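Student: Could you take me through one part of this structure up close? I'd like one chain as a whole, please.

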Amino acid sequence: MSTTTATKTTTTFASALNTAMSDAMEADNSVVVFGEDVGTLGGVFRITDGLTKRFGTSRCFDTPLAESGIAGTAVGMAINGMRPIIEMQFDAFAYPALEQIFSHVAKMANRTRGRVRLPMVIRIPYGGGVGGVEHHCDSSEAYYAHTAGLKVFTPATVADAYLMLREAIDTEDPVVFFEPKKLYWSKAAEDLSTLREIYESRAEDSRKIGAQGQAAVVREGQDVSIISYGPSVETALKAAEAAAEDGISAEVLDMRSIVPFDEDALVRTVEKTGRAVVVAEAQGFVSVASEITARIQERCFHSLASPVLRVTGFDIPYPSPKLEEHHLPDVDRILDALDELQWED
Amino acid sequence: MDEPVTTAEPGHAKAEQASRIFEASRSFGITPEQYMLPAQQQIQMLDPEGTLIPSDQQGTGPGHEYPIPEPEVLLKAYTALVAGRRINDQNYALVRQGRLAVYPSSHGQEACQVGAALCLDAGDWLFPTYRDTVSVISRGVDPLEVMVSFRGDWHCGYNPKEHRVGSMSTPLTTQLLHAVGVAHAAKLRGEDTVVLAMCGDGATSEGDFHEALNFAAVFEVPVVFFVQNNGYAISVPLSSQSAAPSLAHKAIGYGMAGERVDGNDMVAVLATLRRAVHLARENSMPLLLEAVTYRMQAHTNADDETRYRDREEVEQWKRKDPLLRMQRYLTSEGILDDAVAAEITEAAEQVASSLRQAMTAEPAENPLEIFDHVYAEPTAQLVAQRAQLSDELQRTGPTQGEK
């Protein structure tokens with residue numbers, strides 16, 4: 001997605017998200033932002049910083065502290081012509097909203113035969129690696145991806161933070177937008193006005209349904225595919241860099257969107273390399289990584305030179321801050337997996 | 001008059017909602033507490049015999065005054081009551097014949113059902129529960145479209161946006177928050193839409209009940225929360241559900257006004273609901289109304305009511321039947337005569353007849369439709385799965401109505 005030129009300024013992941021929202025609010029009066037502390041404070045991560053000041057309390061506002069209330073109110077506002085963007089303060093704080101999300105956000109369009117669609121975005125800061133205490137570091141994407149009717153996006157780059165959030169706001173379907181919180185203050189040589197131009201150059205239809213469902217090859221390689229998404233893409237790229245020193249050419253695929261799920265991109269890379277390692281922070285048991293692995297097995301069986309391996313978090317509740325490094329997939333653990341791919345055969 | 005309690009602590013600024021309550025209570029010459037708390041007794045206008053209760057014994061008072069609706073409105077309500085009772089009993093019979101998958105009957109609660117629909121303007125919204133079929137039909141939705149879900153054809157058969165009626169579904173009180181959101185969207189656009197949100201007594205224990213009332217009060221949106229207290233949540237009586245003096249008393253905790261009404265008194269139900277809708281619209285604030293009523297039949301056909309209540313209790317409530325009370329009152333007032341009553345009964349009979357015919361016919365189902373509305377644009381996986389089912393259907397022979 002990103003191309004570097006000498007003139008580009010540095011942009012953070014957080015400001016890309018913030019600008020995506022303010023641009024969307026500027027373009028469409030029906031876009032409103034609400035949640036806990038998103039107004040005056042600008043959110044605990046400051047992702048909504050300045051939106052209330054710029055657009056007023058009717059467009060970006062604090063709610064009472066109740067996540068089901070936030071999600072349920074957003075459903076009603078979407079029924080009545082608005083495009084709400086709601087913020088769940090942390091991954092695990094969204095669980096009180098799960099009934100609204102699973103039973104109504106996901107099902108309203110199907111229940112009403114497409115007569116009532118809910119164009120809303122549920123933003124969730126997720127994942128670990130930031131020294132957070134319990135209930136602040138969950139990778140909860142599988143719960144949502146398992147629920148038919150939801151789209152699930154997770155950007156891994158600054159450019160995608162802007163472009164995918166704009167697309168999430170534009171889509172007629174509800175989107176659960178997972179923001180890797182460890183990337184919030186990451187920077188890239190991206191210029192927001194250039195990203196805005198890229199977005200605006202896209203046809204309206206493709207903004208709604210186009211690139212959001214497509215995975216991206218973020219590093220070309222020949223020998224093995226490392227498939228990842230969200231916060232783990234960065235780790236996968238570092239592992240690929242290290243593997244290159246050992247003479248292994250690894251391709252890295254960023255899924256970007258869990259739903260829609262870009263099976264064809266998955267097939268393309270695995271058929272090309274013949275080997276695959278799937279990397280994700282979430283517990284591996286019954287996970288998105290499991291699904292990716294199963295799809296590779298179904299579609300690429302005859303192209304595979306070795307079993308598909310997963311490098312994921314352990315099947316434990318997220319550990320306390322001093323222990324999280326042992327839980328999270330890191331470069332060494334990915335390199336160990338690469339070593340096991342039956343290279344001699 | 002008592003001065004409102006104010007807190008001057010930094011960070012404890014008085015909510016603006018409270019000041020609206022103060023303004024309203026001042027205009028009635030009573031304290032905010034007197035305004036928010038329900039009247040001493042439930043509002044009742046007709047006795048069980050259908051005789052008008054003297055105005056000083058109706059439970060009304062300053063700030064709790066409910067003018068009796070005009071005769072033509074009462075006659076319209078009676079027409080809907082007769083139709084509602086007929087629809088309830090027809091559907092109950094269709095379940096027994098195996099024509100409907102399920103039907104949660106509101107037999108005995110029809111005054112609440114009719115009142116909830118008739119108190120609203122065309123531009124307002126109604127958010128019903130799964131037991132509120134008669135409300136939805138009274139609002140103008142085609143009965144056959146409403147019954148689509150109970151026959152098992154699809155989850156929601158009507159277009160919620162056409163009549164401004166939320167989809168009926170079974171999670172409890174989740175729709176109350178949708179009502180708050182609809183009202184809030186309207187308020188942001190400067191529209192004076194009122195939203196009426198229905199739930200039952202058992203549902204007031206749910207977390208979303210609390211969140212919806214709190215959000216509505218904080219957002220200052222015109223939502224009328226209408227609780228049909230029919231005594232039971234399936235088998236569990238209200239006494240096991242809440243220790244509050246009444247469900248209407250919960251209102252004051254949110255900074256809104258609450259009221260209790262005899263839910264089997266069509267005149268009182270309509271009078272209180274109309275007043276609540278008016279106040280909500282005028283002041284842009286929510287209200288809570290509890291209607292005390294009774295579910296005369298089992299929860300659904302799958303329920304055995306004899307396990308949790310005795311026949312004597314049911315018989316006592318039969319004597320408070322909303323339909324008979326209204327009929328006696330309107331007849332004694334000269335609003336209803338035999339000829340008009342016969343016309344109304346005939347019209348209800350025709351609705352029942354059309355329901356019987358439609359529910360007996362085999363629906364033209366399209367199995368492939370199960371894939372068609374999940375997303376605005378289907379995912380590659382759903383396209384593949386749809387093709388798979390289509391292929392299976394072709395191999396197993398044509399299905400009626402399949403595209």
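Tutor: Chain B has 15 helices and 7 strands; helices here are DSSP runs of H or I with at least four residues, strands are runs of E with at least two, and both are numbered from the N terminus. Keep in mind that this is a predicted model, where local features need pLDDT of at least 70, side-chain atom pairs count only at pLDDT 80 or more, and totals for chains, interfaces and linings use all residues. Residues are numbered from 1 along each chain as its sequence is written, chains are lettered from A and ligands numbered from 1 in the order in which they are written, and side-chain values use heavy atoms, with hydrogens and water left out.

Now for the overall form. The C-alpha trace of chain B spans about 80 × 60 × 40 Å along its principal axes. Its radius of gyration is 23 Å, which agrees with the value near 22 Å that a compact globule of 403 residues would have (taken over C-alpha atoms; the rule is 2.2 Å times the number of residues to the power 0.38).

What about the inside? Of the 403 residues in chain B, 54% are buried, meaning under 20% relative accessible area with a 1.4 Å probe, protein chains only. Take the contacts (heavy atoms within 4.5 Å) between residues at least 6 apart in sequence: 73% of them in chain B join residues at least 24 apart.

Last, the charges: chain B carries 33 positive and 55 negative side chains, with Lys and Arg counted as positive, Asp and Glu as negative, and His and the chain ends not counted. The centres of the two sets lie 2 Å apart, placing each charge at NZ of Lys, CZ of Arg, CG of Asp or CD of Glu.

How values were computed: Buried means under 20% relative accessible area, exposed over 50%, partly exposed in between (1.4 Å probe, protein chains only).
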